[in-house]
Amino acid sequence: MAKIFAVHPDNPQTRRIEEIKSALSSGAVMLYPTDTVYAIGCDLNAKSAVERVRQIKQLANDKPLTFLCPSLSNVATYAFVSDTAYRIMKRLIPGTYTFLLPATKLVPRLVQSPKRKTTGIRVPDHSVCLALLAALENPIISTSAHLPPDDEPLELDLEPRLSRVELFDRWDNLVDVIIDTGEEPTYEVSTILDLTGDEPMITRQGLGWEEAAGWV
């Protein structure tokens, strides 16, 4: 059974964040809320935990995993950010956007797209996520807890609408940590922007896509 941590959504308790950080540093996998959907995540550099996330979500090794970073300057540690990409990202983060970027050597191969050498990165607008990132000092894997893989059609009308309690019950035996902020699950995904080529493109319309369209 997972250990549930009750965390304030706007003012996360330092002691709780430190306890969760310790679990993540030891290879724990967690269920946690973001500014879009609830996500499954772990420390980017905990190989065994990343492998568990892939197994839990039944993701093939050629399917890249998105991860969270705390700031644009931190993103530049894990991805090559062109001048064009920088201008777009500076306007949109923190927020509900996933940026596809060329990965640096600090991104584990298990996380990035093996053929394209790219990775997906988010800078979330969510107090708990940012507190965890600050405490852990590593990026955090972030893959949806209740949606199909991002490269498959999102048939949201066919996805059962689970309450927070139902979602926790579903994942209780699969993860080590559940973060409970009292927030109910949403089914609004992030907007994906591909910034790997000469021309930036929106490859998935999600939350905030209209604003993103104004900068692409």
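Mentor: Let's begin with the cavity search. This is a predicted model. Across the whole structure, the search finds one cavity of 30 Å³ or more. The largest cavity holds about 40 Å³ of space. The lining consists of S82, T84, A85, L195, G197, D198 and P200. Sort those residues by class, and you get three nonpolar, three polar and one charged.

Next, T118. Find this residue in strand β6, which covers residues 118-122. Is T118 buried or exposed? Its relative accessibility is 8%. Buried means under 20%, so T118 counts as buried. Which residues does T118 touch, leaving aside neighbours within four places in sequence? They are L101, P102, A103, Q112, S113 and T196.

Now turn to a sheet. Five strands form an open sheet in the order β1-β9-β2-β3-β8, and the pairing is mixed. Strands β1 (3-6) and β8 (143-144) are at the edges. Each has a single partner strand, so one side of each has no neighbour in the sheet. Follow β8 to its partner. Strand β3, residues 39-41, runs antiparallel to β8, and two bridges join them. Within this pair, I40 stands opposite T143 of β8. Helix α6, residues 164-171, packs on the sheet. This helix touches β2 (30-32), β3 and β9 (177-180). The direction of α6 makes about 170° with that of β9.

Notes
Residues are numbered from 1 along each chain as its sequence is written. This is a predicted model: local features need pLDDT of at least 70, side-chain atom pairs count only at pLDDT 80 or more; totals for chains, interfaces and linings use all residues. Side-chain values use heavy atoms; hydrogens and water are left out. Helices (H or I, at least four residues) and strands (E, at least two) are DSSP runs, numbered from the N terminus. Buried means under 20% relative accessible area, exposed over 50%, partly exposed in between (1.4 Å probe, protein chains only). Contact means heavy atoms within 4.5 Å. On a 1 Å grid over the protein atoms alone, a cavity is a set of points where a 1.4 Å probe fits but cannot get out, and a pocket is an open set with protein on both sides within 12 Å along at least five of seven lines; lining residues have an atom within 4 Å of a point. Grid points are joined across faces, edges and corners, and a volume is the space filled by probe spheres set on the points. Ala, Val, Leu, Ile, Met, Phe, Trp, Tyr, Cys and Pro count as nonpolar, Asp, Glu, Lys and Arg as charged, and the others, Gly among them, as polar. Two strands pair if DSSP finds at least two bridges between them. Axes are lines fitted to C-alpha atoms, for helices over the stretch in contact, and angles run from 0 to 180 degrees between N-to-C directions.
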